[in-house]
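Subject: Structure for you to look at

Hello,

Here is the structure we talked about handing over. Please open it alongside this note.

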Amino acid sequence: MQPELILKARAELAEGPVWDARAGRLYWVDIHAGHLHVYNPASGNDLRLDLGAPVGCVAPARGGGLVAALKGGLVAVDLACGELELLADPEPDKPGNRFNDGKCDPAGRFLAGSMDDAEQDASGALYSLAPDRSLRTLLTGLRISNGLGWSPDGATFYHIDTPTRTVSAYDYDLATGALAHPRPAVTVPPELGWPDGMAVDAEGMLWVALWGGGAVARFDPSGGRLLAKVDLPALHVTCPTFGGAGLDELYVTTARIGLSPAQLAAAPASGGLFRLHPGVHGLPAFEFAG
Ligand code: ZN
């Protein structure tokens with residue numbers, strides 16, 4: 001499980017990795033910079049596109065291109081020409097908010113969460129954009145809407161509001177996209193850091209990035225037991241995702257933001273992109289069906 005530094009990106013806040021199986025590419029973002037990166041593991045090339053606004057996350061779209069959650073709205077991104085098309089603007093009244101983590105559900109909706117960029121107010125919410133572009137608010141009162149994922153059968157939704165140190169589970173109605181019956185699934189103890197991004201493996205276990213904890217940890221959502229922990233040479237570990245042709249690799253993003261010069265000197269790989277072999281495979285990323 002030894003993590004390998006595959007890209008010395010030195011990103012301020014690398015986040016939101018997602019594997020595009022068709023293209024064999026990994027998308028990831030540097031949030032405040034507004035940069036979308038397209039990493040090609042075959043060549044080692046990393047292409048950078050400036051989206052012109054802070055970007056929380058992206059997801060592949062079924063018809064080609066991507067959807068992205070930008071400060072300013074949820075947009076479709078044409079990768080060929082870089083053109084953006086506004087799909088929905090959920091928070092025109094919250095100028096202090098920005099988007100954070102997001103992902104598509106198995107039915108092709110795009111879910112994206114927001115947060116107060118100053119990390120003061122519980123002004124964040126989780127939105128669900130349907131393929132017909134109708135928008136619904138799933139959760140409100142969030143501080144740092146973060147990692148999300150589904151059980152392999154799609155019937156359970158997991159979501160992290162980082163300051164709660166909790167991965168919450170909900171019944172997920174795939175037909176309507178509605179949430180019900182919130183309950184805690186995993187509580188991350190303080191000595192492990194803060195739960196950030198998350199990936200679900202094919203066995204239904206949760207891989208949680210540990211901000212301030214320098215690791216990614218595997219938890220059993222039924223009971224919350226810690227099953228494994230992989231240390232990385234970066235303190236702020238932000239998000240994991242499964243990738244590679246066999247979906248048997250775990251790509252992990254990290255951040256430099258908030259680290260002191262001494263911490264950066266001790267962990268110079270911070271802000272880089274890592275890859276490890278977790279010993280279990282993941283599920284393909286779902287696409288936006290709009
Ligand atoms: Zn995050």
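Is R165 buried or exposed? R165 counts as buried, because its relative accessibility is 18%. Buried means under 20% relative accessible area, exposed over 50%, and partly exposed in between (1.4 Å probe, protein chains only).

Some ground rules. This is a predicted model, in which local features need pLDDT of at least 70, side-chain atom pairs count only at pLDDT 80 or more, and totals for chains, interfaces and linings use all residues. Residues are numbered from 1 along each chain as its sequence is written, and side-chain values use heavy atoms, with hydrogens and water left out.

**Overall**

The C-alpha trace spans about 45 × 45 × 40 Å along its principal axes. Of the 290 residues, 57% count as buried. Take the contacts between residues at least 6 apart in sequence: 46% of them join residues at least 24 apart. Contact means heavy atoms within 4.5 Å.

**Zinc site**

The zinc ion has protein donors E15 (OE), N146 (OD1) and D196 (OD), lying 1.9 to 2.1 Å from the ion. Their spacing along the chain is E-x130-N-x49-D. E15 sits in strand β2 (residues 14-20) and D196 in strand β18 (residues 194-200), so this pair ties together parts 181 residues apart in sequence. E15 counts as buried at 3% relative accessibility. D196 is buried too, with a relative accessible area of 4%. Donors here are N, O and S atoms within 2.8 Å of the metal (3.2 Å for Na, K and Ca); water is not among the atoms, so sites may look incomplete.

**T241**

T241 is in strand β22 (residues 236-243). T241 is buried, with a relative accessible area of 12%. Leaving aside neighbours within four places in sequence, T241 is in contact with residues including P17, W19, A199 and Y251.

**Two arginines in loops**

Most residues other than glycine have a negative phi. R165 has a positive phi, near 55°. R165 lies in the loop between β15 (156-161) and β16 (166-173). R133 also has a positive phi, of about 75°. Its place is the loop between β12 (124-129) and β13 (135-142). R133 counts as partly exposed, at 41% relative accessibility.

Best wishes

Technical notes. Helices (H or I, at least four residues) and strands (E, at least two) are DSSP runs, numbered from the N terminus.
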